[in-house]
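Colleague: I would like to go through the wording used for this structure. Please set each word against its definition.

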Amino acid sequence: MALLCIQPTQAKPDEADTEIAPGQAIGAIAAQLETTRSPDDRALLLSRQIVADTVLSRYTDAENALTEARRLKTSVPVSAEIDFAEAALREKTQRTATAADLVRKTLDVRRKMYGPESTEAIEAEMFLTQLLTSLSKLEEAASLGEHSWQVAREALPENNRLRVKIGLQYARTLNFMRRNQESESLIRELVAVLPELSAADPLQSRLPNQLGSELLLQGRNSEAIPWLRTAVETGRPLPGLSNADKANIVGNLGIALLNLDRPRDALPFFEEAAKRFGEDKVVPSQASALLSAGTAADRSGDRPRGLELREQGAALIATLPEQHPLTYALNRFKIAQSYAHAGRLEQAEATAAEAATAIAKLRPPTHFQATNSRISLGWIKARRGRVVEGLAEVRDAFRTSIAANNSLEVSKNRVVGVIDNIEAYSHALETAVLARDNDFAFEVLQVLVETDASRAAVAVTAREQAGNSDLGLLLRRRQEAAGNLADADAALLRATGQEDTVQRAPLEQAVTDARNALAALDTELDTKAPGFRSLLRPRPVTLAETQSRLAREETLLVIEESDLGLYTMAITGNRVAVGHAPIRREALRALVRRIRAGTESGTLLPFDVDAAHQIYDAIFTPEIAALIPRKQRLRVVTGDILSALPLTLLASRAGKTVADTRWLVEDHALSVLPSLAALRQAPLRATASRRLVAIGAPALSGTQDVAAGPDFYAGGISRSTRVARLHPLPGAAREIAAVANRSPQALVLQGTSATEPAVRKLDYSGVNVVLFATHGLVAGAFDAQSEPALVLTPPQAESPDDDGLLTASEAARLQLDADWVILSACDTAAGDQPSAAGYTGLARAFLFAGARRVVASHWPVRDDVAARLSVTLLDASRKGASADEALRRAILKVMNDRNLPDARNPALWAPFMLVAR
């Protein structure tokens, strides 16, 4: 694994070509040696013993067997096989370069004896590919790996173990080269044969581990987790996997958890990996696991423990710098950061410079390890006072990194999806702030706060820029095709590795068809409008451009929860301020949990005013507060943690109770801006029509609440049946009636009319407001794969076009032109990934469909309050209030209602959030 230096491990020659455990193999070899007299035959048997002893970390026995085999051999072919076995021993004992030389000799002999495309030759090529990959000789490794894979693919059956192993190693090499699309495609092909392999086969763990690793490198952590958990659960009990193999799979799961910002969960996996690598005496990988454990401890808030673990790793790898230069350099790169955090800046700079120089020789300049090590070095220089020098280093490395990531497919390219980038870009941000370079700080912030929702907003803005022309229609088709490919690919990924190949075939064809359709549309788009496709990717907007787009009464707040604390940039038309609070991500997340704990129950609970005030103080530092006049409208862009809260409920003045607390919404109207890049586009145009569509109050007859979760709904029952179990929503019908009464042209779909086909077939042209009043489901509410969804009336018989749920991907395919989409349902703002921005679920889908503003809820909304909020919001908007001010007035009306018990409790009035392009 390349993310945090966990080294790849692989079965050595002959180790996994049989299901006999290494200990049993040694016994069988000993029995054969008793009856074998030929010196060469005995030498060959001893070569097998060398491999088995090596797997069991019995290195003295392996060396003794090697000495005896060398004494007995009489022919060149036998000598070559002994070289091959010795290579396994040398690789395991940290002499990788020596092992590579030995395998080259074996490969030459096998090619001459058996032919360059023989099984014997390609087996040696596979091992040499692995060794060259470990030595960072990636071009040579890829050339060998490609040849051996082509031969294996043509000559060996799909379920042949050698073919699978060769493909697995080639995929690993492609992984190291960041050729992720090729690598992932290959590993999926290999994973498809898992049902044909024995349940005790080590490949049952290695293949899911590699697929999970591929997804990790692409920032697709949530998709990676199930595969990595499968690898761990399958691999831990397998006797055919060495401790080092098991260490590798648990380490990769730790990396996924760390990428999802779950450092406390990740730490035990890294500690287990370090222990297992240590038991097998795999020093570089043990050092890497300790390094990763140090990162997890550091991010959990225990920096002294983080430094201790990293120094343990450094002490181990310091004994082997020449044999493992990349591992050594990456270890130095990480430990330099710990030195910097500990205030040992001179030591930190020397260590970081050593690491950056070494990595530059081992990685191409665009590789994330090369750019991030340069960013770290520049950051340390800036902290030592050489700000101009440090800023120049950081700026160049950061822009190189972003340019490299922009060459990847957008759907798989959230550049802060890997932990190394989160750390590096946090360092880049602090460097910019130390240098007082607001322009560069704003550039970095845009990357750190990038979300799936920002991509949706930019894509739709690009489409609107083209208008209803042929180009606009082509862009719409392109966006739909990209969505189709993502859906087809996700479905195939879920089915990969299952036994039913008949069921996989149509899914594979669907992916092929979707990919071909997208490629054809890209070609057409490039022909008709060269360069326009780049507008589908969020591009940085300058600070000056942003300021020119802000109205006099508007302030933009860009808030990022970096590794070095909470940074806030406040921007008006002519002023900029930057604030910093030393609250780290783990502590901030704990505050968010405390607040949400008081909002997510069916009955009102005591609200944590203190936590709401702590977050307010962290954002509105003296520098920020001084810039913002009272009653100023705030347009907010946040990182992933704070997007789980509507910021309206922050306490600007904390009282003893909610009744005597002053809330941010009382002073400011707020809206969430999903994309800074969209600011460069023209202002939103309003829809002249006042048509309204109200959908909801589905015909349900059950008694279950949405909170029952996936365990309750398990058991192979269809989704439509599970939907029917939910309780009806009489309050939703009242809300629909109240809203519809204010629009003479309202179209209402409720009860048995509120079906999925009816919603999809509806003509939304000229519709100004779309209201959904129904149950909302977060991702995974019905099963592990389900998307966020809105509940509609379930069908009598479920079909592919109607299961009673309008999912996020289905909502994204609606063709809207509405000023407002109001999602008056629980959890419609919830993200579909644990570490994704909170409005990347249904809200993102409706933005993609063309909505200009989406009002979504962060937690279940009491139906009487939901009706008041929706009606007041639309009334205020039609009287000329801005969108954010309309929501503010609706909230204040509920908050100040003396007839409503606990009216000032944010659990009642704060769930709604406005996302406005």
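Modeller: A crossing is left-handed if the near helix is turned anticlockwise from the far one by less than a right angle, and right-handed if clockwise. Helices (H or I, at least four residues) and strands (E, at least two) are DSSP runs, numbered from the N terminus. This is a predicted model, where local features need pLDDT of at least 70 and side-chain atom pairs pLDDT 80 or more, while totals for chains, interfaces and linings use all residues. Residues are numbered from 1 along each chain, and side-chain values use heavy atoms, without hydrogens and water.

Colleague: Which hand does the crossing of α4 and α6 have?

Modeller: The crossing of α4 and α6 is left-handed.

Colleague: Why are α4 and α6 called roughly parallel?

Modeller: The axes of α4 (residues 76–92) and α6 (residues 119–134) cross at roughly 20° and come within 12 Å. Angles under 35 degrees count as roughly parallel, over 145 as roughly antiparallel, 65 to 115 as roughly perpendicular and the rest as oblique. Therefore α4 and α6 are roughly parallel to each other.

Colleague: What makes a contact, and which residues of α4 meet α6?

Modeller: Contact means heavy atoms within 4.5 Å. Phe84, Ala87, Ala88 and Glu91 in α4 meet residues of α6, including Phe127 and Leu131.

Colleague: What makes helix α34 mostly covered?

Modeller: Buried means under 20% relative accessible area, exposed over 50%, partly exposed in between (1.4 Å probe, protein chains only). In α34 (residues 842–849), seven of the eight residues are buried, among them Leu842 and Phe846. Of the protein's 917 residues, 62% count as buried.

Technical notes
Axes fitted to C-alpha atoms, helices over the stretch in contact; angles between N-to-C directions.
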